[in-house]
Amino acid sequence: MDLGIRGRRAIVCASSKGLGRACAIALANEGVDVTITARGAEALAQTANEIRKTNPSVTVIEVVGDITTPAGRDAVLKACPEPDILINNANGPPAGDFRQWTRDDWIKALDANMLTPIEMIKATVDGMMNRKFGRIVNITSSAVKAPTSRDLSNGARTGLTGFVAGAARRTVLNNVTINGLLPGIFDTDRLRESEVLAEAEKRGISVDELVAEHGRSIPAGRVGDPAELGLFCAFLCGANAGFITGQNILLDGGAFPGTL
Ligand code: NAP
């Protein structure tokens, strides 16, 4: 399927690894020029080179910086001032009960997972509306639909989701959509290096065994492949996806047990 976005420009935030990387690859495979970002230069350069190798006709711009800071956002917007597509993504907040978090912890979580995407939308949405094409996708979490014991994440991501629910209905008249992708468990570096590692070590089993165990607890019988989320993200960014806005779409292998 040709998604009709060849030659469009995308900013994909936090995209040297994991879900962001998968979105950048899927968009580049559709002929979209991508500006990709991360704090670490090495993995970012590696991802950029992989994309260039697979898609020599696509322009790939690397921006090293922290997307949750004003300087990080300015650098990205300077590199790609008029994106047609914006994928918002950043590191998630640490796990834990609200009793352990201070006001500063909350501000940090809100900055990363609510205010940064809002700032990026604010900086790009009017240009998209004037040009009558824009696709904005926020990578959030299945916690938006089924809150977990990660209180910082529940709060910050639901705040963003509430904001988008209103804004997405005011931009779509100009063919600018804003949607949320809600990942369940995906096999990314984050899962392997921070989420699962400590538990695997504690139980004396390998990370692979523990990831497989998590997978068996999901109706699909496995954890998600980031490429699956990337492809869905590219579809939402397609020329013909202009009738989908303000939605929060779970990609969780059936883990959420509800009907709606
Ligand atoms: P990941 O594998 O650790 O990849 C994160 C990517 O984002 C890396 O490229 C990282 O590079 C970059 N990054 C992180 N913070 C950044 C920042 N402040 N500024 C710029 N780049 C930044 O993580 P992931 O699993 O793809 O997760 C992505 C998001 O989805 C997170 O918010 C996570 O909480 C959420 N999520 C993931 C899952 C899952 O199962 N994987 C499930 C639900 C929600 P640098 O570290 O070099 O900056």
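Predicted model: local features only at pLDDT ≥ 70, side-chain atom pairs only at ≥ 80, totals over all residues.
Helices and strands are named here as DSSP runs, numbered from the N terminus. Three elements, α1 (18-29), β2 (33-38) and α6 (189-195), each contribute at least two residues to the shell around the ligand. That shell holds 29 residues, and S16, L19, R39, A90 and T188 come nearest to the ligand. By class, the shell is made up of nine nonpolar, 14 polar and six charged residues.

A polar side-chain atom of D66 sits 2.8 Å from a nitrogen atom of the ligand. Backbone N or O atoms also take part: one of K17 lies 2.8 Å from an oxygen atom of the ligand, and one of R190 lies 3.2 Å from an oxygen atom of the ligand. On its own the ligand has 880 Å² of accessible area, of which the protein covers 90%.

The fold as a whole comprises nine helices and seven strands. Its radius of gyration is 18 Å, close to the 18 Å that the globule rule gives for 260 residues, so the protein is as compact as a globular protein of that length. Along the principal axes, the C-alpha atoms fill a box of roughly 55 × 40 × 40 Å.

Two cavities of 30 Å³ or more are found. The largest cavity has a volume of about 70 Å³, and among the residues lining it are N88, N89, A90, N113 and R157. Its lining draws at least two residues from each of α4 (103-131), β5 (134-139) and α5 (151-171), with α4 giving the most, four residues. Five nonpolar, five polar and one charged residues make up that lining.

The second largest cavity holds about 30 Å³ of space and is lined by N138, T140, L160, T161, V164, G180 and N248. Here α5 provides the largest share of the lining, three residues. This lining has two nonpolar, five polar and no charged residues.

How values were computed
Residues numbered from 1 in each chain as written. Heavy atoms only, no water. Near = heavy atom within 4 Å. Polar contact = N/O pair within 3.5 Å; in protein donor to acceptor, adjacent residues only side chain to side chain. Areas by Shrake-Rupley, 256 points an atom, 1.4 Å probe, with all protein chains shown as cover. Nonpolar A, V, L, I, M, F, W, Y, C, P; charged D, E, K, R; others polar. Rg over C-alpha atoms; globule rule 2.2 N^0.38 Å. 1 Å grid on protein atoms, 1.4 Å probe; cavity = no way out; pocket = protein on both sides within 12 Å on 5 of 7 lines; lining within 4 Å. Points joined across faces, edges and corners; volume = space filled by probe spheres on them.
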